[in-house]
Amino acid sequence: MHLARFPRVRLAHLPTPLEPLPRLSEALGIDLWIKRDDCTGLAGGGNKTRKLEFLLGDALEQGADTLVTQGAVQSNHVRQTAAAAAAHGLKCDIILEARTGSTANDYLNNGNVLLDRLFGATLRTVPRDTDMVAELKTTAEEVRARGGRPYVIPGGGSNAIGALGYVDCAREIVVQADELDLPVDHIVTATGSAGTHAGLVAGLAVMGADIPVLGIGVRAPKARQEANVLKLAHQTAALLGRPDAVTPQMVVADCDYVGEGYGLVDEAVIEALKLAARTDAILLDPVYTGKAMKGLIALAKSGRFQGETVVFLHTGGAQGLFGYQGELEGAL
Ligand SMILES: *Cc1c(COP(=O)(O)O)cnc(C)c1O
């Protein structure tokens, strides 16, 4: 594994800290640490920045002048892509899917959307359940028709090139844990478009680190999520020249904490946001890390991580809180 062989543009503040969570650990009765990928820096940080380092590297090598991508209205991936484009003088064409059905003004215009506009991205919104892959294609054709050179980034930046960012994060976690003399029993992360989870699994497998990763689903049911992650982890390991490194047993997702659906908050998510904020002053987000923490809290209380050292990967997203004022008001 030698990541310097891949084109890369430096966008993130790395390494992100690996820190203890003393008060949350005490509340949950486990030894809990946090990998601060909410502190990657670009546009307020988050996990998409690591992926974008390799995706933008590839885009620039191909001579692109426009990044084209898609996401839900309050997409953190879109915010970070818009920022990466701005920082390198590229245009950015975005398709937003009205996936949650929210018509609240703050959902449609505040939080990530406000920042997308500030970075100068061109935004177009389509109804929920639109074929977003087809939308990416037509948008790329439009860019070409106006004389531009598009580079299409899939939702969440989740292909094998993007997942290299989380191969690098896996390496970073192992190096930091070794420096701290910290034997890690589990890494827990939110898992959505699968690139983060797949990159971690592929990176750990190629290194032979033997640290299990638990992905907590935010959208798809378990069978589909695990299949998506496994496929992408295989592709990522193959890109690293180790096509046989990943086995199906390495890919585990728990999708029991999605609640009513993607981007829809419930009481347990709000409790998780409050607990993280009021123990160790950690800002989680309503769509991903809040749901992952909802799952982690429930699993810890059921004894799942008894006696273990667990690293929670904070994938960012707190900017999205400002799209959810209505849901949170009254619950705080
Ligand atoms: C996109 C995102 C995730 C999920 O990562 P995937 O690579 O899409 O699975 C988790 N947390 C936050 C804050 C995100 O924006």
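**Close-ups of a predicted model**

**View 1. Helix α7 meets helix α9.** The two helices pack at an angle of about 80°, with their axes 9 Å apart; axes here are lines fitted to C-alpha atoms, for helices over the stretch in contact, and angles run from 0 to 180 degrees between N-to-C directions. That makes α7 and α9 roughly perpendicular to each other (angles of 65 to 115 degrees get that label, under 35 is roughly parallel, over 145 roughly antiparallel and the rest oblique). On the α7 side, A160, I161, A163, L164 and V167 meet L232, Q235, T236 and L239 of α9, where contact means heavy atoms within 4.5 Å. Sorted by type, the residues of this contact give 7 nonpolar, 2 polar and no charged; Ala, Val, Leu, Ile, Met, Phe, Trp, Tyr, Cys and Pro count as nonpolar, Asp, Glu, Lys and Arg as charged, and the others, Gly among them, as polar.

A quick note on the model: it is predicted, so local features need pLDDT of at least 70 and side-chain atom pairs count only at pLDDT 80 or more, while totals for chains, interfaces and linings use all residues. Residues are numbered from 1 along each chain as its sequence is written, and side-chain values use heavy atoms, with hydrogens and water left out.

**View 2. Helix α9 from end to end.** Helices (H or I, at least four residues) and strands (E, at least two) are DSSP runs, numbered from the N terminus. Just past the helix, G241 takes a positive phi of about 85°.

**View 3. The mixed sheet of 6 strands.** This open sheet runs in the order β1-β2-β10-β7-β8-β9, with mixed pairing; two strands pair if DSSP finds at least two bridges between them. At its edges sit β1 (18-20) and β9, each pairing on one side only. Pairing between β7 and β8 (residues 213-217) is parallel, over 5 bridges, and T189 has G215 in β8 as its bridge partner. Helix α7 packs on the sheet, touching β1, β2 (31-36), β7 and β10 (309-314), and its direction makes about 130° with that of β2.

**View 4. The parallel sheet of 4 strands.** Here the open sheet has the order β5-β4-β3-β6, and the pairing is parallel. Its edge strands are β5 (122-127) and β6 (150-152), each pairing on one side only. The twist averages 25° from one strand to the next. Strand β3 (residues 66-72) pairs with β6 over 3 bridges, and L67 has Y151 in β6 as its bridge partner. Helix α3 (residues 76-87) packs on this sheet, touching β3 and β4 (91-98).

View 5. E135 is found in α6 (residues 132-145), and at 17% relative accessibility E135 counts as buried. Not counting residues up to four places away in sequence, E135 touches I95, R124, V126 and T130.

Technical notes: Buried means under 20% relative accessible area, exposed over 50%, partly exposed in between (1.4 Å probe, protein chains only).
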